[in-house]
Amino acid sequence: MFGSVVVGVGTAGFVRIRDMLAPLPSSAAEKLSVKGFISRRTLEEQQGVKQITVEDALRRDDIKVAFVCTENAAHEENIRTFLEAGKHVCVEYPMAMTHKTAVDLWDLAQEKGVVLHEEHIELLTADFKQLKKDIAGKKLKEGSLHFTGGPLKPGFGFPAFSGIARLTWLVDLFGELSVTAASMEEDQENKYMKMTTQLMTKEQKPLTWIEERGPGLPRVKNINFCFDSCTMTQLPPAAREPVGLFMQDLVLFSQKLLGQVPRDQLHAERHRVLHCLELADRIQQLSQQGQGSAQDA
Ligand code: NAD
């Protein structure tokens with residue numbers, strides 16, 4: 001069994017505890033057992049699980065795994081602390097706020113001989129799986145993905161990182177990308193922001209990615225993908241799957257702990273995660289320089 005601790009009990013942390021208490025029957029997730037949670041607040045038991053200190057979690061031999069479910073700005077420090085102690089880590093996306101940090105953390109995990117896993121539940125949704133099937137074999141001419149949602153709480157970082165799930169969709173659908181331009185509009189007083197990014201596929205087909213957040217904006221992904229054969233303007237309807245998204249991710253992480261995931265899959269995943277973080281870095285750099293175009297930079 002892999003005794004585990006959950007760090008940060010917001011929405012994601014709550015679900016991690018819930019899923020470990022009732023893992024998918026006959027799945028690798030049954031090998032995880034939650035031993036405690038860590039919070040900066042002093043809290044009562046959560047779902048029957050006790051609060052413990054970081055020092056306890058690091059010292060205890062029966063705790064082999066940490067789930068990092070804090071706001072994004074605290075991921076790096078938490079991951080590093082647990083990896084240094086030789087614990088496996090599952091972190092909610094994004095792993096870190098820079099590409100370089102993620103490379104360092106992955107190197108550290110390798111050095112310590114432990115698993116470092118970044119959750120990507122957006123790749124496990126029924127609508128994404130259907131979308132991927134529907135566009136297989138089609139040739140992209142151009143496309144856009146426009147995400148809207150409510151304002152984020154502090155600590156979630158620049159939108160290219162907090163919104164890495166959307167970027168990951170584009171990379172998973174269309175392959176490696178490059179950034180040709182990026183800009184950011186922000187009205188802090190009204191908690192409004194809009195990041196607009198121009199990307200290019202390896203086949204030199206343009207993609208636009210927009211992250212827009214503000215009070216009252218619905219949480220929606222609008223797509224417009226033009227292919228040689230058709231145009232898609234809506235996500236395909238897909239039946240809800242019986243196994244929840246975080247549970248699917250828990251099974252994958254557990255399979256990694258048990259050495260059941262093929263090396264080439266692990267390699268491809270690491271490559272995708274780092275590629276997305278590298279793009280996010282570039283987008284942040286261009287947006288903050290305010291010069292917009294990669295050619296000018
Ligand atoms: P959250 O705001 O619910 O919780 C984030 C952190 O804030 C936790 O450490 C929590 O303990 C702390 N927190 C929450 N309320 C607090 C309070 N009142 N006082 C002090 N601290 C408080 O955020 P979340 O949605 O759980 O996101 C956590 C991580 O999971 C992020 O990295 C996010 O990107 C990732 N993630 C979340 C989801 C999701 O569906 N919620 C999906 C994918 C990835």
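Colleague: Is Lys191 buried or exposed?
Modeller: This is a predicted model. Lys191 lies in the loop between β7 (177-187) and β8 (192-201). A residue counts as exposed over 50% relative accessible area. Lys191 has 56% relative accessibility, so Lys191 is exposed.

Colleague: What is the phi of Lys191?
Modeller: Most residues other than glycine have a negative phi. Lys191 is not a glycine, yet its phi is positive. The value is near 55 degrees.

Colleague: Where is Gln204, and what is its phi?
Modeller: Gln204 is placed in the loop between β8 and β9 (206-213). Gln204 is a residue other than glycine with a positive phi. That phi is near 65 degrees.

Colleague: Is Gln204 buried or exposed?
Modeller: The cut-off for exposed is over 50% relative accessible area. Gln204 has 56%, so Gln204 is exposed.

Colleague: Which residue follows α7, and what is its phi?
Modeller: Helix α7 covers residues 164-174. Gly175 follows α7. The phi of Gly175 is positive, near 85 degrees.

Colleague: How many residues of α7 are buried?
Modeller: The helix is mostly covered. Among its buried residues are Ile164, Arg166, Trp169 and Phe174. Of the 11 residues in α7, the buried ones number 10.

Colleague: What is the relative accessible area of Ala160?
Modeller: Ala160 belongs to helix α6 (residues 159-162). Buried means under 20% relative accessible area. Ala160 is buried because its relative accessible area is 0%.

Colleague: How many Å apart in space are Ala160 and Asp56?
Modeller: In sequence, Ala160 and Asp56 are 104 residues apart. In space, C-alpha to C-alpha, they are 35 Å apart.

Colleague: Is Ala102 buried or exposed?
Modeller: Ala102 has its place in helix α4. The limit for buried is under 20% relative accessible area. Ala102 has 0%, so Ala102 is buried.

Colleague: How many Å apart in space are Ala102 and Glu278?
Modeller: In sequence, Ala102 and Glu278 are 176 residues apart. From C-alpha to C-alpha, the gap in space is 9.5 Å.

Colleague: Which residues come nearest to the ligand?
Modeller: The ligand sits in the largest pocket. There are 19 residues around the ligand. The nearest are Thr11, Ala12, Asn72, Tyr93 and Lys153.

Colleague: How many Å from a ligand oxygen is the backbone N or O atom of Tyr93?
Modeller: For Thr11, a backbone N or O atom lies 2.9 Å from a ligand oxygen. For Thr70, a polar backbone atom is 3.4 Å from one. For Tyr93, the distance is 2.7 Å.

Colleague: What share of the ligand's accessible area does the protein cover?
Modeller: On its own, the ligand has 790 Å² of accessible area. The protein covers 71%.

Colleague: Which residue does a cis peptide bond join to Tyr93?
Modeller: Most peptide bonds are trans. This one is cis, with omega about -10 degrees.

Notes
Residues are numbered from 1 along each chain as its sequence is written. This is a predicted model: local features need pLDDT of at least 70, side-chain atom pairs count only at pLDDT 80 or more; totals for chains, interfaces and linings use all residues. Side-chain values use heavy atoms; hydrogens and water are left out. A residue is near a molecule or strand if one of its heavy atoms lies within 4 Å of it. A polar contact is a pair of N or O atoms within 3.5 Å; within protein, one must be able to donate a hydrogen and the other to accept it, and residues adjacent in sequence count only if both atoms are side-chain atoms. Accessible areas come from the Shrake-Rupley method with a 1.4 Å probe; for residues, only the protein chains shown count as cover. On a 1 Å grid over the protein atoms alone, a cavity is a set of points where a 1.4 Å probe fits but cannot get out, and a pocket is an open set with protein on both sides within 12 Å along at least five of seven lines; lining residues have an atom within 4 Å of a point. A molecule sits in a cavity or pocket if more than half of its atoms lie within 2 Å of its grid points. Buried means under 20% relative accessible area, exposed over 50%, partly exposed in between (1.4 Å probe, protein chains only). Helices (H or I, at least four residues) and strands (E, at least two) are DSSP runs, numbered from the N terminus.
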